[in-house]
Amino acid sequence: MHIPRQFALLSSVAIFAPTAVSSRCTFGDQCWPDDISWQAFNATVGGHLIRSLPSAAVCHQGPFHNTQACNYTEQNWDNSFWRTNQSGAYTALVWEMGKYGQCYLDDVDKPCDQGRVPYYSVNVQNVRDIQSSVRFASERDLYLVVKNTGHDHLGRSSGKGSFSIWTHNLKGIDWHESFVPEGADPETAGIPAVTIQPGEQWLDVYRAAAKRNVIVVGGSARTVGAAGGYVLGGGHSPFAHYYGLAADNVLEMTIVSADGTHRTINNHTDSDYFWALRGGGGSAWGVVTSVTYKTHPVPQSFIVGVVQINATTNDTYKRVAKESLQLIPKITRAGFTGYADMSGGFSALFIQPNGTMENFNRTFAPLQRLAGIPGVSGQIAGFPGSWNMYLDQFLRDPHIATNVQDTSRLLTADVLEDKTDELVDFIVESGKAAGFDWIGHANNDERDNTAVHETWKKSHGVFSISVDWADNASAAEKHQKREFTVQLSNRFTEIVGEDGGTYVNEANPYEPNWQQVFWGDKYQRLLSIKRRVDPTNLFVCNRCVGTDIVLEP
């Protein structure tokens, strides 16, 4: 059954009354373009302007109610593939609703609030659509956001009363046996690479790469866009231990900049701009139209490790947590990367390309002993795997259609080994909703050539603590939990120090000291580049370089 994503353009029914964001023009303001202006603009983008709605709008009473579409929505509510195919849907519901919005699947008798979903979006089909949209937003001083799949922990791809450039349907993958960046010396040797457009998602890229017996360094979430905010934020990966972050593997990008020009950016055409794009954060630098990555051979084999250790008491939990955390540097140095959860114990999935069972048994022997002490149960098992097994069984899309918000820090070996008691107490105090979203040391020769935080040079994992709330939670509860994330950030800083950093893409959206925590000493250079490439500050977003939009709890 085909459910159309587009709804009536230029509806006369307003379903929310917004307030202005910063000084930019938003829906409901007097400066907002009239219908005739929108119709004229629509002609310049091939009729691809659409009215974006929250994902549950078709289920609520009102002008957009559609019983058939609602049934389909209910069936696919937590389906990440369905969500990324909607211009107004986000993987985290909180970024549809904002602070006070209400458009969930419950209470459908109430009107649907537009919340933070952009009022209009351009479903771009080509670069010209993006250029026209950027120029229109600049001329009208519109609050402009850029959305691809809606996997966004900081709410940068949505905005109350905004106008959106939606790149999700701009697709294409081109493989190169010998790629040479534009402007390089004629004698430069080419290397294997792939050029990916923003609408391509990681699962599709991995499958296409497997047919060529290569891998591209990307994340483990299947539906994240491979050429957008993910790589602009650095892009961690299960393969970063071996090949670096996604940003380290970028050879070239094409981008529509703030003046509407389509540019090729690499170390030869504009080295500063290229440096900023590799880790300077999504939605702040322009609209990415392609990313060219290095490719690498598919590992000949995999070792897969599964860890499940459960604790029955608070004291045994603390022991499990402490000994597991202290072992992580050893695990990553041995070549294992993975994901872990610390709710009630230590549950983790590890992989090692081209590894051996002997190495696995030696590395995880301390956890084997831990699983056998009184008050602790569980098992640690390793087995041979393959690249196809990884693609079929281990890719995931966590926290779809939830209100989860993370607070995170990169943890170095000295913190994991010497401040473990503080970390464990922190986990217990915050309700044990903690985990490593990624484990692995990710330093390589490109580190100083990217804008990612210096702490990546010596970190062994991204450690996060999450908060969540039910869809029907009160405004007071939501506010209290958002404020709690700020307390978590402050506590993290006490443990790791003022110079500690985090992975921008999985950070606290209300991080109090965000410039330092996101970029450290690199922020001033980023700000200087931002002022050059976007002098009117057209591309603004929550806690972005040079922004004047900073969401409060």
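In which sense do β3 and strand β4 pair, and over how many bridges? Let's take a look.

## What you're looking at

This is a predicted model, where local features need pLDDT of at least 70, side-chain atom pairs count only at pLDDT 80 or more, and totals for chains, interfaces and linings use all residues. Residues are numbered from 1 along each chain as its sequence is written, and side-chain values use heavy atoms, with hydrogens and water left out.

## The sheet

β3 and β4 (residues 163–166) pair in the parallel sense, over four bridges. (Strands are DSSP runs of E, at least two residues, and helices are runs of H or I, at least four, numbered from the N terminus; two strands pair if DSSP finds at least two bridges between them.) In this pair, V145 sits opposite S164 in β4.

Zoom out and you get an open sheet of four strands, ordered β1-β2-β4-β3, with mixed pairing. β1 (49–51) and β3 (144–147) are at the edges with a single partner strand each, so one side of each has no neighbour in the sheet.

## Helices on the sheet

Helix α1 (residues 35–44) packs on the sheet and touches β1, β2 (120–123) and β4; touching, or contact, means heavy atoms within 4.5 Å. Helix α5 (residues 127–140) packs on the sheet too, touching β2, β3 and β4.

## A helix pair

Now for α10 (residues 314–333) and α14 (residues 420–429): they pack at about 130°, with axes 9 Å apart. Axes are lines fitted to C-alpha atoms, for helices over the stretch in contact, and angles run from 0 to 180 degrees between N-to-C directions. The contact includes Y317 and L325 of α10 and L423 and I427 of α14.
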